[in-house]
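Good morning, everyone, and thank you for making time for this.

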Amino acid sequence: MAEKETDLIKIRKILEIMKDNDLVEIEIKHGDEKIFLKRSQPQQPGVVAVPVHGPVAAGADVGVGANNVQLPVKENSVAQQEEGLTEIKSAIVGTFYERPSPDSEPYVEVGSHIEPQTVVCIIEAMKVMNEIKAETSGTIVEILVTNGQAVEYGQVLFKARPD
Amino acid sequence: MLSRVLIANRGEIALRIIRACHELGIEAVAVYSEADKDAPYLHFADEAVCIGPAESAGSYLNIPRIISAAEITDVDAIHPGYGFLAENINFAQICQDCGIGFIGPPVEAMRLLGDKVQARKLARKVKVSVVPGSQGTIEDEAEALNLANKMGYPVILKAAAGGGGRGMRVVHNEISLRSAFSAARAEAQAAFGDGSIYLEKFIVEPRHVEVQVMADEAGNALHFFERDCSIQRRHQKMIEESPCPVLDERDREHLADAAIRLIKEANYVNAATVEFLLDKDKKFYFIEVNTRIQVEHPVTEMVTGHDLIKWQLKIASGHKIKFRQKGIKHNGVAIECRINAEDPGNNFASCPGTITRYIPPGGPAVRVDSHVCQGWTVSKYYDSMIAKVIVHQRTRAEAIATMRRALREFVIEPIKTTIPACLDILSHNLFVRNEVDTGFVERNF
């Protein structure tokens with residue numbers, strides 16, 4: 001009981017930080033504890049809080065730092081196309097990066113298999129590196145943007161063949 | 001001079017700013033929502049970036065996306081237009097923090113004048129008369145009652161953070177004040193996230209007169225005369241004109257001088273409009289400062305021959321105003337009618353829809369500022385204004401005649417617009433005889 005109350009206080013504090021900084025998504029890991037919070041839109045009050053307890057599984061998605069802003073990819077932005085391919089679109093305006101650092105391997109290449117939680121690229125917006133997740137599963141068949149390119153809202157970044 | 005400017009707005013004002021940029025050799029970057037992706041004016045921009053969905057919260061009001069768009073397009077400055085983020089202090093501050101110019105006042109001046117309680121204090125300090133009212137925000141009902149009894153009814157309750165007529169209540173006696181106070185406070189809290197309320201004497205049948213001011217970074221502040229915006233419906237302006245037909249030279253000079261004192265005291269830079277109420281005895285009372293360009297700025301442009309948007313861009317580029325007040329001349333009479341996609345026959349309900357036939361007016365003395373064309377769909381997501389018709393003539397009677405002729409030429413089908421309502425006003429004998437006030441429309445239509 002006492003533990004739950006502490007959690008609530010903690011979540012409330014994090015929510016305040018999110019509101020003050022207009023953050024949409026936040027993930028905090030501390031030892032075995034992981035808290036992931038996501039708001040639907042920066043201006044909307046609706047908040048979904050998902051406190052996660054217990055050991056974090058090895059290989060779980062790489063932590064998104066507390067200062068990162070990540071805009072949710074809208075459901076309708078992953079639209080089913082005629083040829084049966086899924087489009088992964090940008091929900092942010094910014095600069096597209098295919099790899100975490102200049103000398104790393106790209107997050108994905110044509111032929112890579114992706115899961116909804118797979119990070120496919122980074123989009124830099126307001127000096128913040130936002131990791132973009134696939135939100136769909138399948139195989140990447142086409143990459144429509146090049147490293148360092150400016151991308152706008154709704155721009156198609158990847159096409160994937162669903163499993 | 002700035003070399004590249006992003007326009008954080010849409011519709012006619014986005015097009016208006018693109019035009020001014022291009023005349024000064026500045027590249028214009030437009031941003032747009034998915035609802036505006038087919039807007040013809042986007043083709044006039046040097047670059048256009050989609051920033052979000054139709055809902056303004058995800059696009060034209062979304063600060064991170066607009067700043068990101070400014071960064072990827074490498075602009076020097078952002079012009080906010082009017083509405084949306086134009087008077088958002090947080091946005092201006094973020095622009096400053098990101099090293100992007102904000103085409104508008106410095107953050108401090110905006111903060112000072114944007115808060116109506118602070119602005120009234122400043123006005124008192126420079127001996128500009130304000131509507132008698134509370135010194136600051138009203139704390140409780142007892143204070144409201146005490147004050148109202150002292151200054152006499154009717155009084156008006158206003159939200160400190162309000163604007164555009166929202167968050168206001170006129171109260172005629174003690175009983176209605178008791179019930180209105182808590183309601184106004186709750187309304188202000190819900191609408192603006194700030195429940196601060198202040199109370200003022202309600203001036204009966206005033207005219208709304210405002211002074212256009214432009215100030216540079218060197219501290220020069222000049223006025224471009226006044227506009228009379230008394231033709232309003234529910235505090236929304238419908239028709240504006242310059243000059244204010246009831247002011248004589250002396251009144252006009254006093255009014256403009258008051259506006260300049262206030263703007264200078266606030267260390268203001270760029271375009272501002274200082275709004276006043278003018279009572280039956282030609283006494284004027286300061287109400288508020290709009291820290292941005294206004295919808296009705298073309299009225300002033302026509303009578304002074306100065307392009308105010310170009311002035312905004314030049315001042316933001318660090319240019320000084322090199323002439324004196326006497327160098328600005330007022331010529332003739334200009335009138336503007338706002339054409340909204342609203343049905344005057346159905347309580348001005350908004351009328352979104354596709355325009356299948358569009359023929360704008362033309363001919364001598366007529367200017368049309370609009371982003372609309374045949375095939376354009378008026379979106380339900382945004383303000384209903386689709387065009388502004390401005391006429392400029394030597395006399396008021398000629399201007400009214402030209403405006404009536406122009407509005408009769410204007411074809412916008414099949415959606416309903418405010419054109420018939422504007423025509424009715426222009427033909428009303430009280431308007432023609434110039435016996436109007438801010439309650440004219442509600443009383444007569």
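First, how to read it: residues are numbered from 1 along each chain as its sequence is written, and chains are lettered from A and ligands numbered from 1 in the order in which they are written. This is a predicted model, in which local features need pLDDT of at least 70 and side-chain atom pairs count only at pLDDT 80 or more, while totals for chains, interfaces and linings use all residues.

The term pLDDT is the predictor's confidence in each residue, from 0 to 100. For chain A its mean is 74, and 70% of the residues of that chain reach 70 or more. Over residues 41-81 of chain A, however, pLDDT stays under 50, and for this stretch the model has 68 contacts beyond four places in sequence, where a contact means that two C-beta atoms, placed from the backbone, lie within 7 Å. Where pLDDT is low, the predicted coordinates should not be read in detail.

Chain B is assigned domain 1 (4-103), domain 2 (132-201) and domain 3 (207-444), with bounds that come from an automatic or database domain assignment. The C-alpha centres of domain 2 and domain 3 of chain B are 29 Å apart.

How many residues of chain A are in contact with chain B? There are 14, and they meet 13 residues of chain B.

Now the sheets, for which helices (H or I, at least four residues) and strands (E, at least two) are DSSP runs numbered from the N terminus, and two strands pair if DSSP finds at least two bridges between them. In chain A, four strands form an open sheet in the order S8-S7-S5-S10, with antiparallel pairing. Strand S8 (128-133) and strand S10 (150-151) of chain A stand at the edges with a single partner strand each, so one side of each is left without a neighbour in the sheet. Strand S7 (residues 119-125) of chain A pairs with S8(A) over six bridges, and Val119(A) stands opposite Lys133(A).

Helix H2 (residues 63-72) of chain B lies across strand S5 (94-97), S7 and S10 of chain A, and runs at about 70 degrees to S5(A); such angles run from 0 to 180 degrees between N-to-C directions, with axes as lines fitted to C-alpha atoms, for helices over the stretch in contact.

Chain B has an open antiparallel sheet of eight strands, in the order S13-S12-S9-S10-S11-S14-S21-S19. Why do S13 (284-290) and S19 of chain B stand at the edges with one side left without a neighbour? Each has a single partner strand, so one side of each is left without a neighbour in the sheet. Within this sheet, strand S9 (residues 207-215) of chain B and strand S12 (residues 270-278) of chain B pair over nine bridges in the antiparallel sense, and Val213(B) stands opposite Ala272(B).

Elsewhere in chain B, the axes of helix H6 (residues 141-151) and helix H7 (residues 174-192) come within 10 Å and cross at roughly 145 degrees.

Finally, the backbone: most residues other than glycine have a negative phi, and most peptide bonds are trans. A cis peptide bond, with omega about 0 degrees, joins Ser242(B) and Pro243(B), and Pro243(B) lies in the loop between strand S11 (236-242) and helix H8 (249-265) of chain B. Ala365(B), although not a glycine, has a positive phi of about 70 degrees.
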